Amino acid sequence: MQAGPSAASSGNTSQAILPELVALGPAFDFEHRMRYCRRFRMEFTFAERKLEAPVLPDGYCFVAWNPRDLDRHAAAKFHSFRDEFDSQVFPSLGSLDGCRRLMLEIASQRTFLPEATWLVGHGNSNGKPPHFVDCGTIQGIVSGRDSGSVQNVGVTPDSRGIGLGRALIVKALHGFREFGVKRVYLEATAENAPAVELYRSVGFRLVRTTYKHMQDSPPAVTEGADPTALAR
Ligand SMILES: CC(C)(COP(=O)(O)OP(=O)(O)OC[C@H]1O[C@@H](n2cnc3c(N)ncnc32)[C@H](O)[C@@H]1OP(=O)(O)O)[C@@H](O)C(=O)NCCC(=O)NCCS
């Protein structure tokens, strides 16, 4: 998950983070009094991995990208991320307006890839509200000559654990492959076990660990306090 096109270049690697804090998730850099979040950059290479077919539970269907559906993607993104730690890492994910701006930013990129951008939901087969309920969203962009990147994948809380996240990722990978890219990147917060495990199980492998500066104000440090507590 990138949260937006600009996040792809999150080179905020800090050398000052204590290794024992890094192991605990969000880390605290005492020297600069800043909080960092550990992020995994993961890669799927078509030549090395077998790509499964996307499978949806009965009654669910994919909705292909249509610019008129921008608000639907924004709402699905907001409901998927609003209560998640990633909305602290990327504050725009924590508000509907922020998600809308993010969607506009993504969809207006020259490199935006409709083939890797999908809604998933259930209710009827034409995929149109009000009788269709959106349950998840994914977006993709082409990020280089041969590569693409998944911007955000999110499934709304009530619809998790039934295979929609996997179906969205796999569907987007098929879109990237049809477009001709050779590898697909994404980023995930290291402590987001469901996401990291999902990507790993589809065939993504870890290629790099980065640290993203968190924009909220750092917690107060009390003299003599347990430093690891700040990293939890
Ligand atoms: C991550 C997320 C997209 C997973 O969606 P989902 O629809 O629940 O996932 P699926 O049902 O397709 O599960 C597919 C695989 O993911 C992994 N997975 C999903 N939920 C998991 C959990 N709670 N713990 C560990 N692994 C999990 C499993 O490997 C699972 O395969 P299995 O069912 O064979 O065990 C969803 O939890 C979500 O939207 N989270 C909030 C937004 C977010 O963090 N997005 C990712 C940003 S990088």
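The largest nonpolar core here has 46 residues, and Leu168 and Ala172 have the most contacts inside it. Helix 5 (residues 164-179) gives the largest share of this core, 7 residues. A nonpolar core means a set of buried Ala, Val, Leu, Ile, Met, Phe, Trp, Tyr and Cys residues joined through C-beta atoms within 7 Å. In soluble globular proteins, nonpolar side chains tend to be buried together.

Bear in mind that this is a predicted model: local features need pLDDT of at least 70, side-chain atom pairs count only at pLDDT 80 or more, and totals for chains, interfaces and linings use all residues. Residues are numbered from 1 along each chain as its sequence is written.

**Overall layout**

- The protein chain has 6 helices and 8 strands; helices (H or I, at least four residues) and strands (E, at least two) are DSSP runs, numbered from the N terminus.
- Going along the sequence, the pattern reads α-β-β-β-α-α-α-β-β-β-α-β-α-β.
- Of the 232 residues in the protein chain, 40% are buried. Buried means that 20 or more other C-beta atoms lie within 10 Å of the residue's own, exposed means 12 or fewer, and partly exposed is in between, with C-beta atoms placed from the backbone.
- Take the contacts between residues at least 6 apart in sequence: 73% of them join residues at least 24 apart. Two residues are in contact if their C-beta atoms, placed from the backbone, lie within 7 Å.

**A closer look at Ala172**

- Not counting residues up to four places away in sequence, Ala172 touches Ala116, Trp118, Ile138, Gly140 and Val150.

**Helix 2 against helix 4**

- Helix 2 (residues 70-81) packs on helix 4 (residues 96-107) at an angle of about 130°, with the axes 8 Å apart. Axes are lines fitted to C-alpha atoms, for helices over the stretch in contact, and angles run from 0 to 180 degrees between N-to-C directions.
- That makes helix 2 and helix 4 oblique to each other; angles under 35 degrees count as roughly parallel, over 145 as roughly antiparallel, 65 to 115 as roughly perpendicular and the rest as oblique.
- On the helix 2 side, the contact is made by Leu70, Asp71, His73, Ala74, Ala75, Lys77 and Phe78, which meet Leu96, Cys99, Arg100, Met103, Leu104 and Ala107 in helix 4.
- By class, the contact of helix 2 with helix 4 has 9 nonpolar, 1 polar and 3 charged residues. Here Ala, Val, Leu, Ile, Met, Phe, Trp, Tyr, Cys and Pro count as nonpolar, Asp, Glu, Lys and Arg as charged, and the others, Gly among them, as polar.

**Two buried spots**

- Asp134 sits in strand 5 and counts as buried because it has 23 C-beta neighbours inside 10 Å.
- Setting aside residues up to four places away in sequence, Asp134 touches Arg72, Ala75, Ala76, Leu119 and Gly121. Asp134 and Leu119 are 15 residues apart along the chain, with 6.8 Å between their C-alpha atoms.
- Ser159 is in the loop between strand 6 (147-155) and helix 5, and with 22 C-beta neighbours inside 10 Å it counts as buried too.
- Beyond its neighbours within four places in sequence, Ser159 is in contact with Cys135, Gly136 and Leu164. Ser159 and Ser80 are 79 residues apart in sequence, and 9.7 Å apart C-alpha to C-alpha.

**Partly exposed and exposed spots**

- Ser87 belongs to helix 3 (residues 86-89) and counts as partly exposed, with 19 C-beta neighbours inside 10 Å.
- Apart from neighbours within four places in sequence, Ser87 is in contact with Phe81, Arg82, Leu93 and Gly94.
- Lys50 lies in the loop between strand 2 (34-45) and strand 3 (60-64), and counts as exposed because it has 6 C-beta neighbours inside 10 Å.
- The C-alpha atoms of Lys50 and Gly203 are 7.9 Å apart, although 153 residues separate them along the chain.

**A cis peptide bond**

- Pro129 and Pro130 are joined by a cis peptide bond, with omega about 10°. Pro130 is in the loop between strand 4 (118-122) and strand 5 (133-142).
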